[in-house]
Amino acid sequence: MANFKIKKGFDVKVVGKPSANIEEYASQQLFTVYPSEFEGLKLRLKVKAGDTVKRGDVLFENKKNEKMVFRSPCAGTVKAINLGARRFPVEIQIEKDPQSQDRVTFETYTRDSVGQLSREQVADHLLNTGVWPLIKQRPFNKMADPDTAPKAVFINACNSAPFQADFSVVLKGDEEAFQTGINALAKLTEGKVHLCKSAGSDVPDFKNAESHTFAGKHPSGNTSVHINRISPILPHDTVYTVSAQDVILIGKTLLTGELPKTKIIALAGPAVKEEFRKYYKVEIAASLESLLNKAIEGDEVRLINGNILWGDKLKADTCVPFYGSEIFALEEDRSRHLMGWTMPGLFQYSAHRVNVSSFFGFSHDWKLGTSLHGSHRAMVVTGWLDKFQPLNIMTDFLMRAALAHDTDEMIQLGILETDPEDFALASFVDPHKTDICGIIKRGLEEIEEEGI
């Protein structure tokens with residue numbers, strides 16, 4: 001076990017923290033699976049609109065690896081398959097039949113019997129049950145390749161990002177499933193399974209996993225920081241990563257022989273009514289429309305599957321995504337201020353201590369919106385962004401290499417051990433208003449296409 005203190009970073013002070021209460025959200029009729037969540041997927045549909053499906057029936061499979069299947073979260077009728085660009089199915093809607101108990105079952109295991117399986121048996125079982133995509137792979141942070149044995153597996157149980165779901169709350173009552181999931185992951189690697197926890201969190205140690213604690217400001221909880229400190233990625237290295245709650249889902253699948261029905265999400269943010277800021281036990285892929293209609297306040301609100309720094313934008317009638325455990329809401333701020341840069345900024349939040357509010361020592365949480373408070377401007381290399389980057393990376397130079405499409409220099413500067421999420425804080429504090437995450441993402445895509 002090792003303890004790490006991350007010195008660089010920044011904690012965004014924003015209102016909307018959820019309480020530690022878990023409320024069960026009533027069962028819904030409409031379920032939606034979003035194939036677009038699975039980056040890089042080439043899918044082959046196995047159902048069509050009007051088909052009747054059991055819970056656990058195959059909806060689609062990966063053309064690149066037909067063993068990798070994606071299953072129905074409920075029993076009912078396929079209501080619609082909505083297509084996006086290039087006729088890619090972006091939504092598979094299923095009308096749940098509340099009377100139907102039809103479901104597909106799989107072989108069951110105990111937490112000890114999982115340890116007697118071979119790597120191939122564990123991988124085949126996770127692929128067949130449809131939970132394999134919960135495991136991701138670095139570099140490139142995409143669905144793990146089952147044919148590639150990683151040098152280590154990293155489980156992220158940290159919560160340094162604003163209002164990231166606290167795993168000590170999520171874990172209660174599911175310790176057996178979590179241990180079973182760890183035992184399965186341990187079979188996938190000849191190296192170690194690393195369990196990374198926030199310092200001071202109430203998460204115990206588990207067998208077959210080496211525990212580490214991370215203290216400090218955000219992004220101390222990012223997986224890239226954990227990998228960098230524990231076992232850095234070298235060219236041609238591969239590691240698997242998985243969030244701690246997803247380990248519980250893997251464990252439940254092994255123990256019960258069924259697809260897990262529910263998971264826990266945190267609903268937080270300044271645009272969420274105070275009484276609704278809490279944790280919810282929700283059915284996977286179930287509609288959240290009725291909950292969000294009651295919980296959200298404001299005329300125009302942006303919903304994010306993630307937090308204020310990083311995540312995917314959601315629609316108001318969204319269903320529970322496959323990935324992620326928090327939904328953040330903040331108001332769309334389209335206000336403009338004439339000669340705003342000349343104002344003292346008495347009531348403005350800033351990481352740079354250039355506003356008058358910084359000198360008054362205002363330490364309260366702020367009701368932040370979506371405004372960037374300025375437009376994009378020319379980038380000046382100052383090294384300022386590195387003050388918020390705990391990875392050993394020169395952010396300015398890496399960004400310039402990505403803009404120049406220089407893949408060799410990007411690799412030399414350490415892009416392979418990063419994910420675009422690691423630059424979300426840099427984008428937040430960047431005075432040039434540059435989309436650093438988007439630049440890094442395109443850089444990683446170019447390297448993946450060209451090869452390392």
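Author: We can go from the overall fold to single residues.

Reader: What kind of model is this?

Author: A predicted one. Every number I quote is computed from that model.

Reader: Fine. How many helices and strands does the chain have?

Author: The chain has 11 helices and 20 strands.

Reader: And what radius of gyration does the chain have, against a compact globule?

Author: The chain has 22 Å. A compact globule of 452 residues would be near 22 Å, so the two agree. Along the principal axes, the C-alpha atoms fill a box of roughly 65 × 45 × 45 Å.

Reader: What percentage of the residues count as buried?

Author: 54% of the 452 residues. The accessible surface of the chain comes to about 21100 Å². Carbon and sulfur atoms hold 48% of that surface.

Reader: What about contacts across the sequence? What share joins residues at least 24 apart?

Author: 69%, counting contacts between residues at least 6 apart in sequence.

Reader: Now the inside. Which residues have the most contacts in the largest nonpolar core?

Author: Phe60, Trp132, Ile135, Ile155, Phe167, Phe178 and Leu188. That core has 63 residues. Helix H5, residues 244-256, gives the largest share of the core, with six residues.

Reader: What other core is there?

Author: A second, separate core has 49 residues. Phe140, Ile230, Leu444 and Ile447 are among them.

Reader: Back to Phe178. What does Phe178 touch?

Author: Leaving out residues up to four places away in sequence, Phe178 touches Ile155, Phe167, Leu171, Leu195, Phe206, Ala244, Val247 and Ile248.

Reader: Leu171 is on that list. Is Leu171 buried or exposed?

Author: Leu171 counts as buried, because its relative accessibility is 3% and the cut-off for buried is under 20%. Leu171 sits in helix H2, residues 167-171.

Reader: How far is Leu171 from Trp341 in space?

Author: 47 Å, C-alpha to C-alpha. In sequence the two are 170 residues apart.

Reader: Let's do helices. Which residues of H1 are buried?

Author: H1 covers residues 119-129. Arg119, Val122, Ala123, His125, Leu126, Leu127 and Thr129 are buried there.

Reader: Why would residues three or four places apart in an α-helix point the same way?

Author: An α-helix has 3.6 residues a turn, so such residues point the same way.

Reader: What covers the buried residues of H1?

Author: The cover includes strand S7 (65-71), helix H3 (175-186), strand S15 (239-243) and H5. Gly130 follows H1, and its phi is positive, near 90°.

Reader: And H4? How many of its residues are buried?

Author: Seven of its eight residues, so H4 is mostly covered. The buried ones are Thr223, Ser224, Val225, His226, Ile227, Asn228 and Ile230. Their cover includes strand S1 (2-6), S10, strand S12 (152-157), S13, S14 and S15.

Reader: Switching to backbone geometry. Where are there cis peptide bonds?

Author: One joins Arg138 and Pro139, with omega about 0°. Pro139 lies in the loop between strand S10 (136-138) and strand S11 (142-143). Another runs from His218 to Pro219, with omega near 20°. Pro219 is in the loop between strand S14 (210-216) and helix H4 (223-230).

Reader: Which residues other than glycine have a positive phi?

Author: Asn208 is one of them, near 65°. Asn208 lies in the loop between strand S13 (192-198) and S14. Lys433 has a positive phi too, of about 60°. Lys433 is in the loop between helix H10 (424-429) and helix H11 (436-450).

Reader: Last one. Where is Glu409 found?

Author: Glu409 is in helix H9, residues 407-412. At 32% relative accessibility, Glu409 counts as partly exposed. Glu409 and Glu66 are 343 residues apart in sequence and 36 Å apart in space, C-alpha to C-alpha.

Notes. Residues are numbered from 1 along each chain as its sequence is written. This is a predicted model: local features need pLDDT of at least 70, side-chain atom pairs count only at pLDDT 80 or more; totals for chains, interfaces and linings use all residues. Side-chain values use heavy atoms; hydrogens and water are left out. A nonpolar core is a set of buried Ala, Val, Leu, Ile, Met, Phe, Trp, Tyr and Cys residues joined through side-chain atoms within 4.5 Å. Buried means under 20% relative accessible area, exposed over 50%, partly exposed in between (1.4 Å probe, protein chains only). Helices (H or I, at least four residues) and strands (E, at least two) are DSSP runs, numbered from the N terminus. Contact means heavy atoms within 4.5 Å. The radius of gyration is taken over C-alpha atoms; the globule rule is 2.2 Å times the number of residues to the power 0.38. Accessible areas come from the Shrake-Rupley method with a 1.4 Å probe; for residues, only the protein chains shown count as cover.
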